[in-house]
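Please find below a colleague's note on the model under review. It is set out as numbered points.

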Amino acid sequence: MTEVKKDKTTIVLFSGDLDKAIAAYIIANGAAAYDHEVTIFHTFWGLNTLRKDEQVPVKKGMLEKMFGKMMPRGTNKLGLSKMHMAGMGPKMIKKVMKKHNVQSLPDLVEMAQEQGVNLVACTMTMDLLGLQKEELLDDIDYAGVAAYLGEANEGKVNLFI
Amino acid sequence: MTEVKKDKTTIVLFSGDLDKAIAAYIIANGAAAYDHEVTIFHTFWGLNTLRKDEQVPVKKGMLEKMFGKMMPRGTNKLGLSKMHMAGMGPKMIKKVMKKHNVQSLPDLVEMAQEQGVNLVACTMTMDLLGLQKEELLDDIDYAGVAAYLGEANEGKVNLFI
Amino acid sequence: MTEVKKDKTTIVLFSGDLDKAIAAYIIANGAAAYDHEVTIFHTFWGLNTLRKDEQVPVKKGMLEKMFGKMMPRGTNKLGLSKMHMAGMGPKMIKKVMKKHNVQSLPDLVEMAQEQGVNLVACTMTMDLLGLQKEELLDDIDYAGVAAYLGEANEGKVNLFI
């Protein structure tokens, strides 16, 4: 989207698991530090990473309301893919991350935005899950699978997480 | 397999989750619409997407019979990776997909076949899980990891889902 | 790391599931047989594949001890991503793998080492989970995300599993 000759890295973030989102953002921030042009395409449960912490009043249909209620709102609410242990796992991970000076997911997302990582919300799954732009972080992009494929086709590293 | 100069996209579909299979087929159909040469290599639980809906009488060993019974038969029986909720999640997703005019998984698979997406069943995991050709969709290919790697090595976008 | 002109394949093994680890190592060994230069970057739960079977006495903090206890030690203890069924699933998979002459995961790891596949443990997640070098297999490498990205940027096939 910006310069022409930078190496490109793309990540489809499909998962809504805290640990996978952390891995995705660490890779993305690393690639951005390497001066790659980086795109994270958030689809399905990966959209939860982009949700604002607070509830945003929007009008929704019944099904969309149910999905909205059941899905975690924002980076602080995500669970782990393994050892979730009724919420104890995420707390432990957050604790050890702090202890070892690893950035938390909200910090990783903020850093990604500062480094110019292209955060994209998949419009088709926003529709499906009934998520509206007001509910997601500011300064992100909106696109469909065609735009993702355009980027990925020029990417040197393309991951599905 | 066909022309020489087309861009290639390959997907390993390992997962047997409905949502992941939908994501895989949406990406595959998008890439095919872009005139990429697309291969989906179905391995492990991803083979369930290729199973026929109806039971097909074949001779199997005991272990293979057990796997066959426990695994979902075809695209209509797959569960979700998140919020499965005793089967309610898949129903909700199917409902919202219909409401928003997103194709169902069986339709996505059919469209992939019409667009010439190369649907491949991993012969090694067919052996392991005791699946036989009669139980899988018609007009698909059969190959092993070597054939997959040959394709992927020329692919511009290679994903593991 | 060795010759200059070989095709490169990289795999991020994030998952601690037996079936996914098997898939990763089958792809890696296939690529190595094709004379690719192959790197498996083990991060998060993927590190469990590299753990030694036996308990290794090391000094740890409380949180790290808890993670160490809860996580499976080595390839023989991993569960399945689907149909774990209180441990019955892994047993069945191992049985059918043996029956069909597919190598077990420990054998696949050993073969990878013999073929010169570059097994890398992610130092950041080792820190997080409190894993120490003494607890992991011999003759592996240690690196961070920057080294992974350096490899992947030259890779033709890059997968996240």
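The points below concern the contact between two chains and one residue beside it.

1. The model is predicted: local features need pLDDT of at least 70, side-chain atom pairs count only at pLDDT 80 or more, and totals for chains, interfaces and linings use all residues. Residues are numbered from 1 along each chain as written, chains are lettered from A and ligands numbered from 1 in order of writing, and side-chain values use heavy atoms, without hydrogens or water.

2. Chain C is superposed on chain B by a rotation of 120° with 0.0 Å of shift along the axis (RMSD 0.0 Å), by least squares on C-alpha atoms of residues with pLDDT of at least 70 in both. The two copies are thus related as by a three-fold rotation axis.

3. Chain C brings 31 residues to the contact and chain B 26 residues, contact meaning heavy atoms within 4.5 Å. The copies meet through different surfaces, because only 13% of the interface residues of chain C are also interface residues in chain B.

4. Zero salt bridges are counted between chain C and chain B (a side-chain nitrogen of Lys or Arg within 4 Å of a carboxyl oxygen of Asp or Glu).

5. C:His36 lies in the loop between helix H1 (18–33) and strand S2 (37–42) of chain C, helices being DSSP runs (H or I) of at least four residues and strands (E) of at least two, numbered from the N terminus. C:His36 counts as buried because its relative accessibility is 9%, the cut-off being under 20% (1.4 Å probe, protein chains only). Residues touched by C:His36 include B:Asn153 and C:Lys6.

Key. Buried means under 20% relative accessible area, exposed over 50%, partly exposed in between (1.4 Å probe, protein chains only). Lists of a residue's contacts leave out its neighbours within four places in sequence.
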